[in-house]
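Hi,

Here is the structure I said I'd pass on to you. Have a look at it first, and then read my notes below.

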Amino acid sequence: MATATEEIKATLPDLNNDEIARYSRHLILPEVGLEGQKKLKAAKVLCVGTGGLGSPLAFYLAAAGIGTLGLVDFDVVDKSNLQRQIIHSTADVGRPKIDSAAEKLSALNPHMKIVKHETMLTSANAMEIIKDYDIVADGTDNFQTRYLVNDACVLSGNKPNAYGSIFRFEGQASVFATKDGPCYRCLYPEPPPPGLVPSCAEGGVLGILPGLVGVIQATETIKLILGVGEPLIGKLLLVDALNMSFRTLKLRKNPDCPVCGTHPTVTKLIDYDQFCGIAPAKPEEATATVKDGIPQISVSELKRKRDAGEKFFLLDVREPYEYEISKIKGSTLVPLGDVASKLGELAKHKDEEVVIHCRSGARSQTAALQLKEAGFKHVSNVAGGINAWATEIDPSLPTY
Amino acid sequence: MEIQIPTPLRTYTGKQASVQVEGATVSDALASLTAAYPDLKKHLFTDEGKIRSFVNLYLNDDDVRYLPAKEATAVSAKDSLTIIPSIAGGRTLGTN
C-alpha cells in the first residue's frame with residue numbers, strides 16, 4: 001500500500017526530456033532534484049503586476065520552471081517604465097503590459113502555462129482570481145491593492161503572499177498570510193494618509209531597486225514551493241541599496257489582527273479605496289474647473305494670460321533638479337516642502353493672482369490649498385503641470 | 001542613542017538618515033527626536049500622542065509593540081531605534 005508521501009509523489013507531473021535538459025542545473029542540486037522540479041511544475045503562482053517588481057519576479061519564476069503563472073495587469077507600457085521594468089522593450093511602448101510580459105515569458109519558457117488576467121484586481125474579482133493559485137506574489141504599486149491582496153490571501157485559506165515593496169532606494173520583503181505567520185495587517189494595521197508617501201513618479205526610484213526586491217520575492221516563492229531554506233515568514237527584510245545593507249527584523253502575528261487574528265472582524269473583502277482614504281472620483285472631476293475650492297486652469301489658458309500681458313505671479317513648486325530639466329519662463333521656484341517656511345517672503349503676493357504649477361498638477365494643488373489657507377486671495381492650479389505645457393504649448397521643452 | 005530615519009521621513013530631518021538623541025526610554029528618545037525636528041511629529045504621532053499605525057518602531061531587532069514595557073522600555077547609548085513606515089512603491093494615492 002502506498003504511503004502518503006509516495007501518493008503525493010505519484011500525483012506530481014512528469015518532466016519530459018526537453019524539460020530535464022532545460023532544468024539540469026536544478027536537478028543536480030540536492031535541494032531541488034527531480035522531485036523539487038516536479039513540485040515547481042505543479043505549482044500555480046499569481047503575479048500581481050508586471051511592472052518594476054513583476055518584471056524580474058515573473059522572469060525568474062518562468063526560468064525556474066513554475067508550471068502555471070497567472071499575470072494581473074491592466075496598464076500600458078510607457079517610456080518612463082523602461083528605466084526599470086525590464087520585461088518590456090522599447091517596441092512595446094503603447095502596448096498592454098500583460099501582452100508584452102506574456103510574450104517574453106513564453107519565449108523564455110514555452111513549457112509554462114500563462115494565464116492572463118487583464119483587469120484591475122478588486123474586491124469584486126480577487127477571491128475568484130486567487131482561488132486557482134497556490135501562492136500570490138504581490139508586485140503592485142499602491143496601498144489599496146496591498147491590503148486587498150493580503151486580505152484575499154488570508155481569506156482564501158491562508159495562501160502565502162510573497163510581498164515586496166520599494167521606495168527610492170529602499171525595499172522591504174516578507175512572506176505574509178501563512179497559517180501560523182503574520183499578515184500584512186499585523187505589520188501595518190492601517191495605511192498612511194493619501195499623499196504622505198510619494199509615488200515613484202513623484203519621488204523617483206533607483207531603477208535597479210525593484211530588480212533586487214523582485215528577485216527576492218521570486219526566491220521566497222520558489223523556497224515555499226520546494227519546502228527548503230528559511231522563508232521570510234515572521235521576518236521583514238529591509239534592503240538599502242545605497243549602503244548595500246540588508247537587515248532582518250522580527251515580525252509577529254498579531255492575535256488581535258482583524259483579518260488573521262483569533263477573532264477576525266474582517267471576514268470578507270472591503271472597500272479598500274475607502275480604507276485608504278481615497279474619495280471615489282466624481283464623474284465631473286476629470287475636467288473639473290474647481291477642485292477643493294481651487295480653480296484649475298489649463299495650460300492654454302495660462303498661455304493666453306501671458307500673451308495678453310495679464311499680471312500674475314507664477315509659482316513653480318517642484319524640486320531644483322526638476323527645474324533643471326524644464327522650466328516656464330518667468331516662474332519662481334519654491335519647492336513644495338519649503339512653501340510653509342517661505343510664506344513670509346511669498347506674502348507680498350497675497351492679494352495678487354498666484355498661478356501655481358508642478359510637474360503634473362498634484363503637488364501644485366497641495367501648495368494652492370496651503371496658500372489659500374494662509375489667506376492668499378486668488379490662487380489657481382495649472383492642471384497637467386509643466387508636462388502639459390511642454391506637450392501642448394512649448395514642444396521645445398522635454399517631458400519627464 | 002541612534003534613531004534611524006526612513007527615506008520618506010528624511011525631508012523632515014534635514015535629509016539625515018540617522019539622528020543621535022538623548023533619552024532613558026523609547027518614549028523619551030522619540031520626544032527628543034520630535035523636539036529637534038517638530039515637522040516629524042504629525043507624521044509619527046496622532047493628535048492624541050499615539051504612534052501612528054502605519055509606522056513601526058523597532059528597538060534593535062524587536063518590534064516595540066511586543067516588548068513587555070512597550071514604549072516605556074529602557075534604552076542605552078548602544079541601542080538603536082528604527083522607524084519603518086509602510087511603503088508601496090508606486091502610484092500616489094488619489095492621483096495618477
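Helix H5(A) is mostly covered, with nine of its 11 residues buried (buried means that 20 or more other C-beta atoms lie within 10 Å of the residue's own, exposed means 12 or fewer, partly exposed is in between, and C-beta atoms are placed from the backbone). Among the buried ones are Gly54(A), Pro56(A), Phe59(A) and Ala64(A). Before you go further, note that this is a predicted model: local features need pLDDT of at least 70, side-chain atom pairs count only at pLDDT 80 or more, and totals for chains, interfaces and linings use all residues. Residues are numbered from 1 along each chain as its sequence is written, while chains are lettered from A and ligands numbered from 1 in the order in which they are written.

What covers H5(A)? The cover of its buried residues includes helices H4 (33-42), H6 (97-108) and H11, plus strands S1 (44-48), S2 (68-72) and S4 (135-138), in chain A. (Helices, H or I of at least four residues, and strands, E of at least two, are DSSP runs numbered from the N terminus.) Just after H5(A), Gly65(A) has a positive phi of about 100 degrees.

Now for H11(A), residues 209-226: H5(A), residues 54-64, packs on it at an angle of about 35 degrees, with the axes 7 Å apart. (Axes are lines fitted to C-alpha atoms, for helices over the stretch in contact, and angles run from 0 to 180 degrees between N-to-C directions; contact means C-beta atoms, placed from the backbone, within 7 Å.) On the H5(A) side, the contact residues include Leu57(A), Tyr60(A) and Leu61(A), and on the H11(A) side they include Gly214(A), Ala218(A) and Ile222(A).

Elsewhere in chain A, six strands make an open, mixed sheet in the order S9-S10-S14-S13-S11-S12. (Strands pair if DSSP finds at least two bridges between them.) S9 (290-291) and S12 (332-333) of chain A are at the edges with a single partner strand each, so one side of each has no neighbour in the sheet. S9(A) runs antiparallel to S10(A), residues 294-297, and two bridges join them; Val290(A) has Pro295(A) as its bridge partner. Helix H17(A), residues 362-373, lies across S9, S10, S13 and S14 of chain A, at about 175 degrees to S14(A).

As for the whole chain, chain A has 18 helices and 14 strands, and 42% of its 400 residues are buried.

Cheers

Definitions and conventions:
Two residues are in contact if their C-beta atoms, placed from the backbone, lie within 7 Å.
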